[in-house]
Amino acid sequence: MDRVLIKKYIGQSMLLFLACAFILFTFAWVRVWVGTFFNLSQYQGILDQLKEFEHFAPIEFSALMSYAGQVALVYDEPIVILCVVIWSVARGSDVISGELGRGTLEMLLSQPISRRQLLGSHAIVSIGGLIGLCLLVWAGIGLGVYTNDVDEEIPAPQVTIPIFNWEIPLSAGEPLVEKVPLADRVDVRTYASPTFHLFAFGFFVLSLATLFSSLDRYRWRTVGCVVGVYIIQLVMFGLGKAAKSLDWLLNMSFFSCYKPQKMAAIVGEKGMAGPWSLTEVSADLVLPPLVYPLILIGGGIVFYIIAAIRFDRRDLPAPL
Amino acid sequence: MTDSVEETADETDDPGAANTGYSPTCDARTDIVRCQGLSKRYGDFDALKDCDVRVRQGDVFGLLGPNGAGKTTLIRLLLGYLHPTGGSCAIAGLNPEVDSVAVRREVSYLPGDARLPRHMRGDGVLKFFSEIHPSGNRDKSHSIAKRLELDLRRRVAFMSTGMRQKLALAVVLATETPLLILDEPTANLDPTVRGEVLNLVREAQNEGRTVVFSSHVLSEIEETCDEVAFLRHGVLAHELKMAELFQRHRVTAKAPSTVPEIPDPLANSASITIVDAIGDREGRVTIDTAGDLAGFLPWINSLGLSDLRIEPLGLRSVYDAVHAGQKVAI
């Protein structure tokens, strides 16, 4: 790693980071705030009618009826995914094919730095930025949880008639509504594991983009290849969810390893340590919960290693 | 810096030293660049073939050749950007295939098309490169930029091509390495700045640094270089010491009635070409000489030539001959 290179890469990526950071933090905060407008129990009936579409959702609909489950939806929001993917693809594709395309790799590698140092310094900044962005989503959720209240109906006092077991309300007026701090209903620590999943997902895409970048000399082609793979994987995931006969496709899509909402649900069932288990398999999961993000991170590390070997061995063409 | 280079070169003289990848056949103390049978092949195409080049420490070494001749390929092989398909090379006794980082610690390189980070300002670029290279010198790069009349407050993205070239030159020339490799350093520069760059090259040489200078501008090579290598179709076609070139002359005159013969003592250092009459134009004889002209004058006088003209033979004629694939006398 090289301190000067790291400084240069930070300067180079700062604008993108600030833009993504602002969007992710603000969106997560606002999304939690907007969620407090809705009385969840009102939607129970609608969701019951949509039961046959439940297999398209990452978790059971019943989990969405809790505030914790609703807040966890932030991790599957297109804006959050888009920002993380933009950061990962932009930074990953820049490292080799980007510098080659701009012609700046020539001057950079004429300095006494090894190709691995260059790749490593770039990876530190990109991965550091990704961690920062994921933490900002969590921070935005935290801010939303600690600054918002939710309206909850206080059930009217009632009496139960013995033998018939009837419950008769003692008041005929409007039910009482009280404001409850969201923090009383949602523990922000629940989202440590979903945040880790978001990082693992971003890391996989980042390393995939880095791998393509190490093979190519044009950034536009690198971006095209990564986005192509991303879309194919997304389609495979969608088809696997849609048709029972195609559910084997789910095993071949990295989207199957991204389960932030499920992790939040596991916290509700098994406590804070639940999503971090490497041994205990939860309901609806084939593998222990921590294995999923580790698959993404493991895949990402393999991509990085291949990228480093390829970059080391390849000839660097003169800029066009 | 020079001492450390000599130390490294000494080490490679040891038969057990495998770093250079080839057994030294020349004096490692004086050769800072050595290539032996260096080749680079892309499929059926030879970008460089069996190239043997030696650059002596302290020289300004010119690389000449038309586009696609293999000059840049040679430089990129020396710096480890490309992996050779045959032969080997060493800079200061270090093989770029084994340790290209150590090689680049000894070299400051200006690419043919130097492109710098566009998001930085000029002074930021100088700071960055002076920090990243252990031999970088920020003050010196600032003073060179000042000599080249460069505005360092401007962002690279808003600089003209010539300004970027000046900025790259300030980076490269200020880095105090024993070897400078300049690939067309005066491209895109106005004549005044060109002259300044050539002065800087001479200054670098006076400081004891070696310069490898690739250019298409023959006059610049003539002005600055001690030795020149001509590349053609990826092959080292000719090598020439400039001191020898300055001893070459061309005598042209009206063709005599009888074809002159070169006396035996001068046979190895002169050649005669007769051009037959074309239309109304009379035929002419051309006599190229190598070595002290005084030795040729009595013989030339004895030929009874008329309309005689004697001129120093410039690099241009050698370049043209090499380019045309003709044999060059020196």
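Predicted model: local features only at pLDDT ≥ 70, side-chain atom pairs only at ≥ 80, totals over all residues.
1. Chain B, secondary structure and burial. Eleven helices and 13 strands form the secondary structure of chain B. The chain has 330 residues, and 42% of these are buried.

2. Contact between the chains. Chain A contributes 21 residues and chain B contributes 24 residues. On the chain A side, α1 (3–35) and α6 (105–109) each supply at least two residues. By class, the side of chain A that touches chain B has nine nonpolar, seven polar and five charged residues.

3. Helix pair in chain A, geometry. Two packed helices are described by the angle between their axes and the distance between the axes. For helix α7 (residues 115–147) and helix α12 (residues 291–313) of chain A, the axes come within 9 Å and cross at roughly 145°. The crossing of α7(A) past α12(A) is right-handed.

4. Helix pair in chain A, residues. Which residues of α7(A) meet α12(A)? They are Arg115(A), Arg116(A), Leu119(A) and Ala123(A). On α12(A), the residues they meet are Tyr304(A), Ala307(A), Ala308(A), Phe311(A) and Asp312(A). The contact of α7(A) with α12(A) comprises six nonpolar and three charged residues, with no polar ones.

Conventions
Residues numbered from 1 in each chain as written. Chains lettered and ligands numbered in written order. Helix = DSSP H or I, 4+ residues; strand = E, 2+ residues; numbered from the N terminus. Buried ≥ 20, exposed ≤ 12 C-beta atoms within 10 Å, placed from the backbone. Contact = placed C-beta atoms within 7 Å. Nonpolar A, V, L, I, M, F, W, Y, C, P; charged D, E, K, R; others polar. Axes fitted to C-alpha atoms, helices over the stretch in contact; angles between N-to-C directions. Left-handed = near helix turned anticlockwise from the far one by under 90°.
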